Structure formats: C-alpha cells, structure tokens
Amino acid sequence: VAADITDIDALAREQFNAKAQVLLRHSVSEILRMDLKRFHIKGMTVAYAVCETPDVTVLLERREEMLLEMTKFKEETGHDFLFFAMINVVELESNLLVVGDAEKQLAEKAFESTMDEKTR
C-alpha cells in the first residue's frame, strides 16, 4: 500500500531532521569516536573523525563541548593531529573543527582555505 504523500521534498526534510536529532542522544565523546580513523605518517599519528548528518546545526550548537572533548582526546591518546569533519549530506558541504595551530595550518594548506571562528 502506497502512502498518500503529496510533497516528497517535505517528507524527505522531515526524515532528515529526525535523523539529525538522533545525534542529541549521543555524548560528544561518542560522536567523536563513531567514525574515527587513525593514520601513521612519518612517525606522527593523525586522527580524522567524521560525522555525516543532514543538518550540521545540531553539531555546531555543541561546538565548544566538542572542542573540549577533542582537546581531552588528543591529550589522552597522544595523537599529533586531530580533525573532526561535520558533513552535511544534503547540502554536500562540510565544516572542520581543529584544536591546535598545527591542525589549523595543515587544514588551511590542504583545503586551500582560511579557517574561521566557527570551525576552530
């Protein structure tokens, strides 16, 4: 049986918003570690965490909390670099959080961009 849907875009937005709200149930520690990859490059450890969501607003609202968790994680693990990418799967855009000057410099060089106060 097909549902009586008159506006497929509205339904998709509603479902995407519901998915984004699921992130509120997770601690920033859990979000940071959900999809985290570690790379060993020339004696250094680089950690790159990713969170794909239809709405990064939920994550950006927790920015300060996430930065504190990133600092704690980096200190506990001894990683040289830590990046956290928030990917908006609807708009196909991303925001990158970094906690140190080394990460900022590397990200700016890699992405040929300048980081602003929202991402650092």
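Which residues touch the most other members of the largest nonpolar core? In this predicted model, they are Ile31, Leu32, Met66, Met70, Phe84 and Leu97, out of 20 residues in that core. At least two core residues come from each of five elements: helices H2, H3 and H4 and strands S2 and S3. The largest contribution is that of H4, with four residues. The residue ranges of these elements are as follows.

| Element | Residues |
|---|---|
| Helix H2 | 28-34 |
| Strand S2 | 44-53 |
| Helix H3 | 57-60 |
| Helix H4 | 63-77 |
| Strand S3 | 81-88 |

Leaving aside residues up to four places away in sequence, Phe84 touches Ile31, Leu32, Ala49, Val50, Cys51, Met66, Met70, Asn95, Leu96 and Leu97. There is also a second, separate core, made of nine residues, among them Val46, Phe83, Ala107 and Met115. As a general point, nonpolar side chains in soluble globular proteins tend to be buried together.

The four strands form an open sheet in the order S1-S2-S3-S4, and the pairing is mixed. Strand S1 (36-41) and strand S4 (93-98) are at the edges; each has a single partner strand, so one side of each has no neighbour in the sheet. On average, and with direction ignored, neighbouring strands are turned by 20 degrees against each other. The pairing of S1 with S2 is antiparallel and covers six bridges. Opposite Lys37 stands Tyr48 in S2.

Helix H5 (residues 101-111) packs on the sheet and touches S2, S3 and S4. The direction of H5 makes about 50 degrees with that of S3.

Technical notes. Residues numbered from 1 in each chain as written. Predicted model: local features only at pLDDT ≥ 70, side-chain atom pairs only at ≥ 80, totals over all residues. Heavy atoms only, no water. Core = buried A, V, L, I, M, F, W, Y, C linked by side-chain atoms within 4.5 Å. Buried < 20%, exposed > 50% of the residue type's maximum accessible area, 1.4 Å probe, protein only. Contact = heavy atoms within 4.5 Å. Pairing = 2+ DSSP bridges. Axes fitted to C-alpha atoms, helices over the stretch in contact; angles between N-to-C directions.
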